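Work through the exercises below with the sequence and the model at hand. Each task is followed by a stepwise solution.

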Amino acid sequence: MQTRRDFIKNLGMALPAISLAELLLSSCRPEKNPGTDKKTIGIIGAGVSGLHAALLLNQYGRYHIEILEASDQIGGRVQSSEYAFNTCNIELGAGKIYGRNSWYDIVKPYGAELIPFNSPSSYVIDSELRSSIELGGESDYTFMMQKFNSMNSFIPTADMTIGQYISFSEVPERVRFIFEQKTEEYIGTNVDRASIKANKNEGIDKILEQKYGPGNTSFSRTIRDFYTPILPLVRNNTPVSVIDYSEDKVKVTDVSGMTRSYDKLVITVPLSILKLKSHQPHSIRFIPELPEAKFEAMDHLGMDAGVKVFLKLNARFWHANSKTIYSDGKYGKFEIISENHLTNTYVLSASYFGKFAEEYLNNKSDQEIIDDIRKEWRSSIGLAASDSITGYKVENWSKNPYIQGSFSYHKLGSGLQYREELARQVSDKLFFAGEATNCDHKSGTVNGAIDTAVRVAEEVRRYL
Ligand SMILES: Cc1cc2nc3c(=O)[nH]c(=O)nc-3n(C[C@H](O)[C@H](O)[C@H](O)COP(=O)(O)OP(=O)(O)OC[C@H]3O[C@@H](n4cnc5c(N)ncnc54)[C@H](O)[C@@H]3O)c2cc1C
C-alpha cells in the first residue's frame with residue numbers, strides 16, 4: 001500500500017507545480033462523511049489538460065470524478081503512431097517539448113531526448129540544393145536570419161501581423177519562404193494571420209526554446225503510463241452535446257441522450273469546438289448561453305487547420321548532418337526525424353497550418369497530397385528525390401471531428417486579456433482549462449495545457 005510519505009514524494013516528483021505545504025495541510029483536514037457525501041466533478045475531454053486535472057483532483061480522495069471523452073482514445077492532440085513504417089515512432093500531433101517545463105518533467109523519466117539546436121539545414125533555393133554553410137555566406141540569407149532572430153524584441157507602435165513585419169523589415173523575397181517556414185510551426189497558422197504583438201511571448205518565444213523529443217519511447221506511451229491511476233475514470237465514446245448549468249447541479253447530456261449531474265464541471269475541449277455554433281455538428285449547447293465576454297474572447301483567438309505529413313524514403317538527397325530541408329515550394333519545410341544509413345531508410349515530417357492546410361490540403365486525399373509532393377520535388381530537386389518516397393502517412397487534425405484544427409494563436413488586435421476571459425469560471429460551476437486558456441504565455445503547447453489543469457484543479461477545490 002502507498003504510504004503518506006510515498007504519496008507526497010511521488011507528487012513532488014511528478015507534479016512540481018502544486019505546493020507540497022498546501023497538500024500536507026489539505027491532507028490533514030478531516031473529510032466530511034468520506035464515501036457518502038463526495039462532491040461530483042465532471043471533466044470534458046481526456047487530452048492532457050483533462051487527464052492532468054483529474055489526476056490532481058483525484059489525489060485528494062474527496063471527489064467522485066468522471067472524464068467524458070468524445071473519441072475512443074486518450075491524449076487528445078498528443079497521439080503517437082508506434083513503430084510506423086516498421087522503423088520508428090512518429091508523433092502525429094505534438095512532437096516537441098519546448099524547454100524544461102511541466103511536460104518535460106513528466107516525459108524525462110521515460111527518456112526525453114534533446115533535439116539538436118541550430119543544426120545544419122539544406123535549402124532548395126533558386127532550384128539549387130544548398131547547405132547552411134553555402135547559404136550562410138549570402139547577404140540575403142544573413143539579413144533574413146537577423147530579422148528572424150530579432151522578431152521577438154521588435155516593438156511595433158501599432159499591432160501588425162508577422163507577415164507585415166517581414167515586409168516592413170524588407171526581407172528579400174527570394175528568402176522570405178525560409179522566414180515563414182521557420183515561424184509557422186510555432187504559431188500554428190500562416191504569418192499573415194497572426195499578431196506579432198500578442199504572439200510575441202507565446203508562439204514566437206517557442207522558437208528560441210531548447211527542444212526535446214520523446215526519445216526511445218512515444219508521447220502516447222508516456223501518457224498511458226503516467227496517467228494510469230485515473231484511466232478507469234475515462235468514459236470514451238461519450239461526446240457531450242448539452243451543458244445545462246441553469247440549476248444547482250450541472251447537467252451534462254451526451255449524444256446518446258444520457259444525462260449526468262455534477263457539482264462542478266471542468267471543460268477542456270479545444271477552442272475550435274467551443275467556437276462552433278449550436279447548429280453545427282459536434283457543437284456543445286450551453287443552457288443558459290455562455291456570457292457575451294466569452295464570445296468576444298473567442299473571436300480574438302484563432303485555431304486554424306493543421307496537417308502533418310510523414311514520408312518514408314529509401315535514399316538521402318539532402319546534405320549529410322542536415323536535420324531540416326527548406327524548399328521554396330508549396331510543401332516547404334521537412335524535418336528528418338529518423339535516418340538509418342545501413343538500410344537506407346529515412347523518415348521525414350512536415351507540418352502545415354492555416355490557409356494552405358485549410359484551402360488546399362483539406363480538399364485533397366492523402367494519395368493526392370503525396371503525388372503532389374512527388375511532382376514538386378521532381379521539378380525542384382530532381383527525379384531521384386521524387387522516386388525515393390516509398391511510404392507515407394497524413395494526419396489531418398482539421399478532419400478530426402473533436403479537434404478541428406491545430407492550436408490557438410492570437411489574431412491581429414488580440415491580447416492576453418482574451419485568454420484570461422476564456423479561462424474565467426462561469427456561475428461558480430463551469431471551469432475552463434486547455435491550452436487556449438493558458439495565461440502564462442504557454443498557449444498552444446502540451447506544457448501550457450498541463451499548467452491550466454493545475455490552475456483549474458485549484459479553482460475547483462476552492463469552490464467545493
Ligand atoms: C499538428 C500539431 C502539432 C503540435 N506540436 C506541438 C509541439 O511540438 N509541442 C507542444 O508542446 N505542443 C504542440 N501542439 C499543441 C498541443 O498538442 C496542444 O496544445 C495540447 O495537446 C492540447 O491539450 P488540451 O488538453 O488542451 O486539448 P486536447 O488535447 O485537444 O484535448 C481535448 C479533448 O476534448 C475532447 N473533446 C472534444 N469535444 C468533446 C465533446 N463534445 N465531448 C467530450 N470530449 C470532447 C477531444 O477529443 C480531446 O481529446 C501541437 C498540436 C498539433 C495539432
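**Exercise 1.** Which order do the strands of the open sheet of four strands have, and with what pairing?

*Solution.* The model is a predicted one. The order in this sheet is β13-β12-β11-β15, and the pairing is mixed. The edges are taken by β13 (259–262) and β15 (285–287); each has a single partner strand, so one side of each lacks a neighbour in the sheet. From one strand to the next, the twist averages 20°. Next, take the pair β11 (residues 240–244) and β12 (residues 250–254): four bridges link them in the antiparallel sense. Within this pair, D244 has K251 in β12 as its bridge partner.

**Exercise 2.** Determine the strand order of the open sheet of three strands and name its edge strands.

*Solution.* The order is β5-β9-β6, with antiparallel pairing. The edge strands are β5 (97–98) and β6 (113–115), each of which pairs on one side only. Between β5 and β9 (residues 211–213), which run antiparallel, there are two bridges. Opposite K211 in β9 stands Y98.

**Exercise 3.** Locate Q79 and decide whether Q79 is buried or exposed.

*Solution.* Q79 lies in the loop between β2 (63–68) and β3 (80–84). A residue is buried if 20 or more other C-beta atoms lie within 10 Å of its own. Q79 has 23 C-beta neighbours inside 10 Å and therefore counts as buried. Apart from neighbours within four places in sequence, Q79 contacts Q73, L92, G93 and S220. For G93, which is 14 residues away along the chain, the C-alpha separation from Q79 is 5.7 Å.

Methods. Residues are numbered from 1 along each chain as its sequence is written. This is a predicted model: local features need pLDDT of at least 70, side-chain atom pairs count only at pLDDT 80 or more; totals for chains, interfaces and linings use all residues. A residue is buried if 20 or more other C-beta atoms lie within 10 Å of its own, exposed if 12 or fewer, and partly exposed in between; C-beta atoms are placed from the backbone. Two residues are in contact if their C-beta atoms, placed from the backbone, lie within 7 Å. Two strands pair if DSSP finds at least two bridges between them. Axes are lines fitted to C-alpha atoms, for helices over the stretch in contact, and angles run from 0 to 180 degrees between N-to-C directions.
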